[in-house]
Amino acid sequence: MVRLFLFLGVVVVIATGLAWLADRPGNLVINWQGYLIETSVFRAVVLLALLIGLVLFAWSLLRNLWGSPAALGSFLNRRRQKRGLDALSSGMIAIGAGDRAMATRYAIQARKSLPSEPLTHLLRAQAAQLSGDRATARRIYEAMLGSPDTEQLGLRGLFLEAEREGETEAAKQFAERAVHLNAALSWPVDALFDLQCKDADWAGALETLAIARKNGQIEKASANRRRAVLLTAQAQKAEDGDPERALAWALEAHSLAPNLVPAAAIAGRLLASRGNTPRATKVIQTTWQKAPHPDLATAYAYARLGDSPRDRLDRVKKLAALNPYSLESPIAVAVAAIEAKDYDSARQALEPLLENRLTQRVCTLMAKIEGEQHGDKGRVREWLARAVNAQRDPAWTADGVVSDNWAPVSPVTGALDAFQWRVPVETVDKASEELLAQKLEELVALGATPVQPAAAVPVPTTPAPVAPAKTSPVADADVIEDDGDARTGKTATAPAGSQSSSGAASAPSSATPPATDPSKTADVKPRDAKMSAAVHSEEASVKVTTARQPTAGNSASGAQAEPNIFVSPRAPDDPGPPPEKEATARRLN
């Protein structure tokens, strides 16, 4: 619209000027070098305007002719750039789609059209990687290092190639170079931090963490947690060799993460060794309220040197009162009470856990109480058998790996702060086997005879009826003669049946009901009937079981045969019975 008004304005001005000249006629005479030119003013103006237009046209034509090679080159360049950009776009799409043939084709086309474009190098390298040509990809990335524009891209490509081939040291060097080149990049900082943690380079990891925190690549809370874990790892390594520095690192870690159990435990032990009991107790109490743990209870019990077991029990009771609803509190009190030989206090502490919070540690402690206080091997076996099916106790777990001690990184992935105090998740069979082996070792420590577990035999939870004639006498034995329990002294015979020589079944013989000890069965609850039956089955496999069985020759006369003696198979490391018992067994046979 503006151009239209300008054009109309110019036309009006020209028309007005020509009309003004036409209304004022006049002659123009030019006498130059013997030439006499005479014309009107109007004609002279028109001729002058035509001459100026002709000159401008000639100048424009000459200028276009002069710049035609450059214009042609510019046109060709624009067409080549368009073709190269199209190839780059199509090549990136082919890379994303995983089309190796098309990616290679467009990479070649892009190299012809845009040989010096950084995206062309990237497309070529990724096409080579997609085709499996690692050497070509590495060569292209190395060529990128020569240009400041593509150096960061080349370092990232070389880092990824080194990681794929498992060259950890080379990957670490590329990440360090990328951090020095541009610390604001997040990928080299994260990669370098992970590699340093896997290599246990705690000092380098702390420096890298500081760089990430300075550039805002990590939140403050996460940075404090990671720094606390790294400081705890340093303190754990230097606890024996350099306790001064270990104490400083542990205290700083405790201030950054009060719920970090290893830091508080290390600080508590080192402070207690220096005689600073008040500060040690304060540190442990702070962490105990947030994350109770057996290591904290142990460090708190021995925070003051020279205390008697009774004094340690009183201290642990005060610690347990700070977090009474935690499972670790009554267990810590029970452990200290057993050490102090105060078995009544230990029972009282574990009693609330026997109903709905029964775990393997609780069963083991109850077995230890029974073994040390009364020497009751039957009760010890019962509690150990209950431990097999009890709930698992918390343990240090990371990526499916269960460890007795805390570690700063996962042994599987190398991730920092992977170990958590929680109940591990394992298969039931594997856990039962490992737990059974552990409980048998504890049984040996308590003074019982270690045996190999017998095959599982279904045992009814209620008194079984009289068995028919075809039942095996050993399988039908409901009463076991315990030669190792001098307190009961009760024996009974199980009913047994037999078949006569003609194949007719004889009537089952009568049997006395099994004798039981009220002192042993009074505290067995109904929900434990199945476990108690399993315990009796286990005792039956390791003790002498007697039953009277009539033979085919004397079934008609009613004579009774000699008792059959069943002896369980010996363990590989079992030296066997004493000579006098072995001679007695031979005489009975």
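1. How many helices and strands are there in the protein? There are 24 helices and five strands, taken as DSSP runs (H or I of at least four residues for helices, E of at least two for strands) and numbered from the N terminus.

2. Some housekeeping before the details. This is a predicted model, so local features need pLDDT of at least 70 and side-chain atom pairs count only at pLDDT 80 or more, while totals for chains, interfaces and linings use all residues. Residues are numbered from 1 along each chain as its sequence is written, and side-chain values use heavy atoms, with hydrogens and water left out.

3. The protein exposes about 35,300 Å², with carbon and sulfur atoms supplying 56% of that; the areas are Shrake-Rupley values with a 1.4 Å probe, and for residues only the protein chains shown count as cover. Among contacts (heavy atoms within 4.5 Å) between residues at least 6 apart in sequence, 55% join residues at least 24 apart.

4. Have a look at helix α17, residues 328–339. Its twelve residues should span 16 Å at 1.5 Å a residue, and the end C-alpha atoms are 17 Å apart, which agrees; the expected span is 1.5 Å times one less than the number of residues. Ten of the twelve are buried, among them E328, P330, I331 and I338. The cover over those buried residues includes α14 (277–290), α16 (309–321), α19 (360–373) and strand β5 (420–422). After the helix comes K341, with a positive phi near 65°.

5. Just after α9, A200 has a positive phi of about 60°.

6. Now the rings. A search of the whole structure finds two aromatic pairs (Phe, Tyr or Trp rings, using the six-membered one for Trp, with centres within 6.5 Å; planes under 30 degrees apart are stacked, over 60 edge-to-face, the rest tilted). F159 and W187 have ring centres 5.5 Å apart and planes at 45°, so this pair is tilted. The pair links α7 to α9, 28 residues apart, and both F159 and W187 are buried.

7. W396 and W421 form an edge-to-face pair, 5.4 Å centre to centre with 65° between the planes. W396 lies in strand β3 (395–398) and W421 in β5, so the pair ties together parts 25 residues apart in sequence.

8. The charged end of R156 is over W187, 5.2 Å from the ring centre. R315 has its charged end over Y300, 4.9 Å from the centre of that ring.

9. Last, the hairpin. β1 (27–32) and β2 (35–40) pair antiparallel over six bridges, where pairing needs at least two DSSP bridges. I30 has I37 in β2 as its bridge partner. Two residues lie between the strands, and Q33 takes a positive phi near 60°.

Technical notes: Buried < 20%, exposed > 50% of the residue type's maximum accessible area, 1.4 Å probe, protein only. Lys NZ or Arg CZ within 6 Å of the ring centre and 35° of its normal.
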